[in-house]
Amino acid sequence: MPKDIHGLPEGAGQPGTIVVLGVTSLLINLLGLMVPLLLMQVFNRIIPNQALNTLSMLVITVLIALMVDGAIQTLRSHVVGWIGARFVHLGSCRLLRRLLFAEPREFDRVDGAKYLEQMNAIHTIGDLYSGQAVIALFDLPFLVLFLFMIYKLGGILVLVPLATVVIIALFSTVFGEQLHKTLDTDMGVNQRRFSFITETLSRIHAVKSMAMEPLMLRRYEMLQL
């Protein structure tokens, strides 16, 4: 799969893309801190002092912050979607180029269904890169900032979100390994199924001439198990 030296999909590692994702992630997380901090000011100072003028200004500030946050998140979503689309385009073109210019002997060694599965895998990975994976990668460093802010404001209460993060990480690791094994098994089953369909359709006249339709159907049903 096409990747750059940063381990991101090709196109995500371009300096301009990294800067845009980094800046938008920074602004989104800072705005995410602004709202609870403003609410703290409302409960700690404005309500006890009945400062209605200050309250109106804070409400306007929060509304503006929410609108800016929505706009920045939309921009980041477009950038991440472009990363996934570019990955699919480059990966598909590269794979097809290698197939077209491959030696016939090398091409015949692998079943055609495997190439179809690889094409589908490129789209699957492209959907992953255009989803939450890249966003989580850029948001992860700000987790330390949030924990630090909770520690400064709540002291020992920081252990609650910290323990939650550790538990989620452990569960993600365990279930991630199981999911990886399941996906490998599913990919193998799909590859055998596509191979059977391709081989059957390429020899459909021989199958019909020998009246092997029921036998092929039973074999296909067994592959579905």
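Trainee: Where is Ser92 found?
Mentor: Ser92 is found in helix α2, residues 52–100. Helices here are DSSP runs of H or I with at least four residues, strands are E runs of at least two, and numbering starts from the N terminus. This is a predicted model, so local features need pLDDT of at least 70, side-chain atom pairs count only at pLDDT 80 or more, and totals for chains, interfaces and linings use all residues. Residues are numbered from 1 along each chain as its sequence is written, and side-chain values use heavy atoms, with hydrogens and water left out.

Trainee: Is Ser92 buried or exposed?
Mentor: Ser92 counts as buried, because its relative accessibility is 16%. The cut-offs: buried is under 20% relative accessible area, exposed is over 50%, and partly exposed is in between, with a 1.4 Å probe and protein chains only.

Trainee: What does Ser92 touch?
Mentor: Met119, Ile122 and His123, not counting residues up to four places away in sequence. Contact means heavy atoms within 4.5 Å.

Trainee: And which backbone oxygen lies 2.8 Å from a polar atom of the Ser92 side chain?
Mentor: That of Val88.

Trainee: Staying in α2, what about Val79?
Mentor: Val79 is in helix α2 too. Val79 counts as buried, at 16% relative accessibility. Leaving aside neighbours within four places in sequence, Val79 is in contact with Thr17, Val20 and Leu21.

Trainee: How many residues apart in sequence are Val79 and Leu21?
Mentor: 58 residues. In space, their C-alpha atoms are 7.5 Å apart.

Trainee: Switching to charges. How many salt bridges does the structure hold?
Mentor: The count is 1. The rule asks for a side-chain nitrogen of Lys or Arg within 4 Å of a carboxyl oxygen of Asp or Glu. Arg76 pairs with Asp139, and their closest N and O atoms are 3.0 Å apart. The pair links distant parts of the chain, 63 residues apart: Arg76 sits in helix α2, Asp139 in helix α5, residues 132–139.

Trainee: How does accessibility class the two partners?
Mentor: Arg76 is buried, at 7% relative accessibility. Asp139 is partly exposed, with a relative accessible area of 23%.

Trainee: Which residues does Asn29 contact?
Mentor: Asp139 again, plus Phe142 and Phe146, leaving aside neighbours within four places in sequence. Asn29 lies in helix α1, residues 15–49. Asn29 is buried, with a relative accessible area of 7%.

Trainee: On to α6. How far apart are its end C-alpha atoms?
Mentor: They are 18 Å apart. Helix α6 covers residues 142–154, so its 13 residues should span 18 Å at 1.5 Å a residue, which agrees. The expected span is 1.5 Å times one less than the number of residues.

Trainee: What comes just after α6?
Mentor: Gly155, which takes a positive phi of about 65°.

Trainee: Which residue other than glycine has a positive phi?
Mentor: Ala211 is one, with phi near 55°. Most residues other than glycine have a negative phi. Ala211 lies in the loop between α8 (204–209) and α9 (213–223). Ala211 counts as exposed, because its relative accessibility is 54%.

Trainee: What about α7? Which of its residues are buried?
Mentor: Asn190, Arg193, Ser195, Phe196 and Thr200. On length, the 44 residues of α7 should span 64 Å at 1.5 Å a residue; the end C-alpha atoms are 62 Å apart, which agrees.

Trainee: How many aromatic pairs are there?
Mentor: The count is 1. Phe171 and Phe175 are stacked, 5.9 Å centre to centre with 10° between the planes. Rings of Phe, Tyr and Trp (its six-membered ring) pair if their centres lie within 6.5 Å; planes under 30 degrees apart are stacked, over 60 edge-to-face, and the rest tilted. Both sit in helix α7 (residues 159–202), 4 residues apart, so about one helical turn separates them.

Trainee: Last bit, the overall picture. How many helices and strands?
Mentor: 9 helices and 0 strands. Of the 225 residues, 24% count as buried. Among contacts between residues at least 6 apart in sequence, 71% join residues at least 24 apart.

Technical notes:
Polar contact = N/O pair within 3.5 Å; in protein donor to acceptor, adjacent residues only side chain to side chain.
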